Amino acid sequence: MVNIVLPVDFGDKTEQLLEGAVKFAKQVNGRIYLIHVAPSDIGFAIGDMGFQYFPEVEENEIREELVQLNKIQQRILAHEVECEHILKQGIAKDIILEHAEDKKADFIVMGSHGRSGIYDVFVGSLTKGITKDSKVPVLVLPIHD
């Protein structure tokens, strides 16, 4: 069985990414390892008193993201593709690459929004960073309009 790591961010193009990843998984007899990486600073806010940490905000956000991951997993399983999921916090690129190594991934499937140039200079591109540093092939699916 082919191991596929599929990072998701719950953005408006997640549906297109899922369709492509499921289609690919079916073609190669793949198992999908769904991963979402939440930022480490979810519960932090800056106010009049400086930085404050609100654990209940972080807990609620993580809980909601797990619900979303469960829904996506169920949709993938409904297409008769094996799937498991995990949510981690930290730096997305590092965690995705570690997860790919842990799961002995044969592929990482990522989406490309079609942005380039000045956007990458100021914001950076997770897909670009993953393709640059990955030890396994990265399948980049075009998911722009």
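Helix H3, which spans residues 92-102, has Ile95, Ile96, Leu97, His99 and Ala100 as its buried residues, where buried means under 20% relative accessible area, exposed over 50% and partly exposed in between, with a 1.4 Å probe and protein chains only. These buried residues pack against S1, strand S2 (30-38), strand S5 (83-89), S6 and helix H5 (126-133), contact meaning heavy atoms within 4.5 Å. H3 is followed by Lys104, whose phi is positive, near 50 degrees.

The model is a predicted one, in which local features need pLDDT of at least 70 and side-chain atom pairs count only at pLDDT 80 or more, while totals for chains, interfaces and linings use all residues. Residues are numbered from 1 along each chain as its sequence is written, and side-chain values use heavy atoms, with hydrogens and water left out.

**Helix H1**

- Helices (H or I, at least four residues) and strands (E, at least two) are DSSP runs numbered from the N terminus, and H1 covers residues 14-28, its 15 residues reaching 21 Å from the first C-alpha to the last, close to the 21 Å expected at 1.5 Å a residue, a span that is taken as 1.5 Å times one less than the number of residues.
- Thr14, Leu17, Leu18, Ala21, Val22, Phe24 and Ala25 are buried in H1.
- They cover an arc of only 165 degrees around the axis, which puts them on the same side of H1; the arc is that of the directions from the helix axis to the C-beta atoms.
- Glu19, Lys23 and Gln27, on the other side of H1, are exposed.

**Strand pairing around S6**

- Strand S1 (residues 2-7) and strand S6 (residues 107-112) run parallel and are joined by 2 bridges, two strands being paired if DSSP finds at least two bridges between them.
- Val5 has Ile108 in S6 as its bridge partner.
- S6 also runs parallel to strand S7 (residues 138-142), with 5 bridges joining them, and the bridge partner of Ser112 in S7 is Pro142.

**The aromatic pair**

- A search of the whole structure finds 1 aromatic pair, rings of Phe, Tyr and Trp (its six-membered ring) being paired if their centres lie within 6.5 Å, with planes under 30 degrees apart counted as stacked, over 60 as edge-to-face and the rest as tilted.
- The rings of Phe24 and Phe107 have centres 5.0 Å apart and planes at 85 degrees, so the pair is edge-to-face.
- Because Phe24 lies in helix H1 and Phe107 in strand S6, the pair ties together parts that are 83 residues apart in sequence.
- Phe24 counts as buried at 13% relative accessibility, whereas Phe107 is partly exposed, with a relative accessible area of 24%.
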